[in-house]
Amino acid sequence: MAVPPSTHPHRLLPLFLGLFQGALLLFFTLFVIYDEPSAQAEDTNLVANQVYSTFPFFQDIQVMLVVGLGLLLTFLPRYGFSALTHNFLLLNFSMQWALVLQGLLHHFHHGQIHLDLHKLLISEFAAVTVLISVGAILGRASPCQLLIVATCEIPTYLASEWVIVSCLGVLDVGGTITIHVFSCYFGLGVSKALFRATQQPLHPKETPTLRSDLMSLVGTLILWVFWPSFVAVLCQPGDAQHRAILNTLLAMSASSITTVVASSLLERDGKLSPGHLQNGSLAGGVAIGMVADMAMPPVAALALGSLSAAVCVLGFRFLTPLLGRKLTLHDQCGIHNLHGLPGILGAAASVVAVLVAPKDPS
């Protein structure tokens, strides 16, 4: 007698991934090739310079996503191994899926897709949205459910980015709106759809321990160190990229100090909240992405970093419990406080920066 497939849910994951990778192998065989090297010495040197200038940033971003973000998600004491492996799996799955879709939509010429490092980088940026969104349902969804979320989110992100960048003409070098705000509210929507019936009580396994908080803090420190590369990699080399790095460092430094101040004032006995420190110190990097390459005084970056950290900590302290009570909205990692609120603040800052920018006399 045949056994119903539903009795073997552990087989769904290898079946899903096997079919996906097999289809991808066929797709790459038929359509994807590398860019052909140029025979001219000047063009060869130009390509080499582009690789040498981009790949260090690319490697920094890889460390951020694989190690930093993976460790950041280990604050759940019984979910550390799963958080690391699922994060790694989703990154690779989403990157390949985005590579296929972006190739078909934007780079399909004469029946072929030419692959280079820049296209791979753009696909990895698309994968970041998935890694952020699943933070809202961390530990409450199966691997297959996470892959389904990634399958649906990547085309939605590409459509959203096309509208924001191509149709509306918004400049967002650090992905404040296109990545952080989008992924936040997409993830919250998924959380609401999956857990909408009643408010979910806090499970004993969801309470962080000293060891899990320490691992998560290590992830925060790795993200903090490499975040300027994430913001600056798509900026124009030269002054714009230099400004982006400086503004990001200033904003994140200010957000780190402000997080300590705000957390100490809000917590009992002036003790720091690990959750505040793990997230608030990164809020400046989220907010500054929208204006990082703009010509603005250094004090503006410091102010934006401080405001974003304050908003993040206040969100954890007051807004998250309120949304849980009123809307039964479950946000496991607090992505609304780290990505949503600072992202909105960064978008507002970009409007102010444009309005107060000196007019070009020419």
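I am working with a predicted model, in which local features need pLDDT of at least 70, side-chain atom pairs count only at pLDDT 80 or more, and totals for chains, interfaces and linings use all residues. Residues are numbered from 1 along each chain as its sequence is written, and side-chain values use heavy atoms, with hydrogens and water left out.

I looked up the UniProt record, an unreviewed entry, and found "transmembrane region" placed at residues 12–34, 54–76, 88–108, 120–139, 215–233, 245–266, 299–319 and 339–357. Such annotations may be inferred rather than shown by experiment.

I checked two of these spans. Residues 299–319 are 100% helix and 0% strand, with end C-alpha atoms 28 Å apart. Residues 120–139 are 70% helix and 0% strand, and their end C-alpha atoms are 29 Å apart. Helices here are DSSP runs (H or I, at least four residues), and strands are E runs of at least two.

I then noted a nonpolar surface patch of about 400 Å², made by Val351, Val352, Leu355 and Val356. Patch residues have over 30% relative accessible area and no salt bridge, and nonpolar side chains are joined within 5 Å. Val356 lies in helix α11 (residues 335–356) and is exposed (over 50%), at 62%.

I searched for salt bridges (a Lys or Arg side-chain nitrogen within 4 Å of an Asp or Glu carboxyl oxygen). The whole structure has 1. Lys119 pairs with Asp116, their closest N and O atoms being 3.2 Å apart. Lys119 is buried at 16% relative accessible area, where buried means under 20%. Asp116 is partly exposed at 27%, that class lying between the other two.

Terms used. Patches are made of residues with over 30% relative accessible area and no salt bridge: like charges are joined within 9 Å, nonpolar side chains (Val, Leu, Ile, Met, Phe, Trp, Tyr) within 5 Å. Accessible areas come from the Shrake-Rupley method with a 1.4 Å probe; for residues, only the protein chains shown count as cover. Buried means under 20% relative accessible area, exposed over 50%, partly exposed in between (1.4 Å probe, protein chains only).
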